[in-house]
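Please go through the aromatic rings of this protein and the backbone around them. The sequence and the model come next.

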Amino acid sequence: TLEDVQKLKPFHWAFEFPEVFENGGFDVVVGNPPWEKWQVEEKEYFGRFDDTIQKNKLDVLDWKQQFKKLMSDPEVRKSYLDYRSGYSFVAAYFRSAEQFKHQSAVVNGKKTGSDINLYKLFFEQFYNVAKDGGDVGVVVPSGVYSDLGTKGLREMLFDHSRLHGICAFENSKPIFEGVHRSFRIALVTFEKGGKTERFRAAFMRKEPSDSTLFRRKKLGMELSVDLVRRVAPDTLAVPEIKNETELAILEKALRFPPLGENIPGKWNVKFTKEFDMTNDSHLFETEPGPGRLPLFEGKMIHQFRADWGLPKYWIDEKRGRAELIGKQKDDGQILPYQRYRIAYRDITNSTSQRTFIATILPKNVFCSCTLYTEISLTNFKDTLVALALFNSIVIDFLIRKRVNTHVKPFMLNELLVPRLTLGEAGYEYLLERSLRLVCVGDRFVALWREVAGDTPYPSAPTDAVRLSMRAEMDAAVARVYGLTAEEFEYVLSTFPNAEESHKRMALERFVLN
């Protein structure tokens, strides 16, 4: 209604600046828009009523009880519902307005951009209020050049603008107080109108003064939109390439198909999530019991290990199974949670010791939203080889070109991975070591029997043996990609927080073989 609109106090650019828009818009637009989602923030809102509430500090179940208590107050309840109701119709406007048509795009037949992020809206609005030929400079999160939900904005930059440059910084100094030190920021400059063929880019800078060197073309390198389209044909995500060596490595990786491409006769993999820590919290139990299965979280696994931490929650199997099956008929079919399957951590970053952390889970465990789980592999040998590839330092290097704080399936779909099969070079070498690293404890005896037959079940490998086998696999995967010793040494050097003994051993194995 008109009353609803008036409450919002809308700002109309052409009404406020008629003399500017009579001439087509602004010559120059510069800004640093808000970096937050347009969504209801329950804890943040209720903090005004209870100053003990801190966002993300309360346990899921504790917050559920706290919320119920707060909503029992009629005045608080009315205030909260008024606050919440204002979001839905404004969100509907953002999703349907012509001026925000680049907020979404289509990837593999599905529409992207479900989350409404204010920086994305402002980014497109900067484009809208500039005149043709006008210059725009924006300070935004690095997701503008890498996230799935910003594909539409990249289409706008590549197809309807002349993108001058992307200079990306890590906030380690920090550049912005109050923002996490690992957060990445991008300075994006473009001219409205035309089309982009090449643009200058620099990534992971730390000094604000680097923006001056970048502008003077003393920093960064030229990237082509054609390369972006080959590396990320579905999402147009810009890879964080820093120099010619990285470009050469990427060109070698382009010999392999993206992981999301279905290849007949090869193993193909798809990932999904099971239980949400908030929406499904009503299923969680805080103690084990008859008929309850443990809920695995990301912090409970590491590379080739499913014993990195202990469960905090359990779910009754019948209730959990019913939730997973949904409206399908339950004929007693084997569901993913009942078999051995790959899982990897969702939350990560590109500066940790390792970014892509995956393992094989034991049978009969559920997974939280901090883990993505594989739902498509049926051959255990292929599963183990796929795991070896995913945990390799070369693939970690490639995924770091895309990752900020989360490893999403759309990133993996465009990851260039050799789909090794039985009989190909490296397959059995990786299989043997991956099996040995995974099969620790009673929960993996059946997996060992399936793959190794009557070979005696081994004792758990020592840390030294694990280190050696992981280094051997890293070297083997580097050979599969066709890297030179210099290129592999460079890849290892980009992991400053990784164990030096591991990197040294991996390079030695590569050179010796």
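The charged end of arginine 433 lies over the ring of tyrosine 429, at 3.6 Å from the ring centre. In this predicted model, another such contact places the charged end of arginine 354 over the ring of phenylalanine 495, 5.8 Å from its centre.

Rings also pair with one another. A pair of aromatic rings is described by the distance of the centres and the angle of the planes. The count of aromatic pairs comes to 42. One of them joins tyrosine 337 and phenylalanine 366: it is tilted, with 4.7 Å from centre to centre and 40 degrees between the planes. This pair links distant parts of the chain, 29 residues apart. Tyrosine 337 belongs to the loop between helix 12 (317–325) and strand 13 (341–345), while phenylalanine 366 is in strand 15 (residues 366–367). Both tyrosine 337 and phenylalanine 366 are buried. Elsewhere, one aromatic cluster includes Trp38, Tyr45, Trp63, Tyr87 and Phe100.

Asparagine 364, in the loop between strand 14 (358–361) and strand 15, has a positive phi near 60 degrees, although the residue is not glycine. With a relative accessible area of 34%, asparagine 364 is partly exposed. Phenylalanine 304 also has a positive phi, near 65 degrees, and is found in the loop between strand 11 (292–296) and strand 12 (313–316). Phenylalanine 304 counts as buried because its relative accessibility is 3%, under the limit of 20%.

The peptide bond from lysine 173 to proline 174 is cis, with omega near 5 degrees. Proline 174 lies in the loop between strand 5 (161–170) and strand 6 (184–192).

Terms used. Residues numbered from 1 in each chain as written. Predicted model: local features only at pLDDT ≥ 70, side-chain atom pairs only at ≥ 80, totals over all residues. Heavy atoms only, no water. Phe/Tyr/Trp six-rings, centres within 6.5 Å; stacked < 30°, edge-to-face > 60°. Helix = DSSP H or I, 4+ residues; strand = E, 2+ residues; numbered from the N terminus. Buried < 20%, exposed > 50% of the residue type's maximum accessible area, 1.4 Å probe, protein only. Lys NZ or Arg CZ within 6 Å of the ring centre and 35° of its normal.
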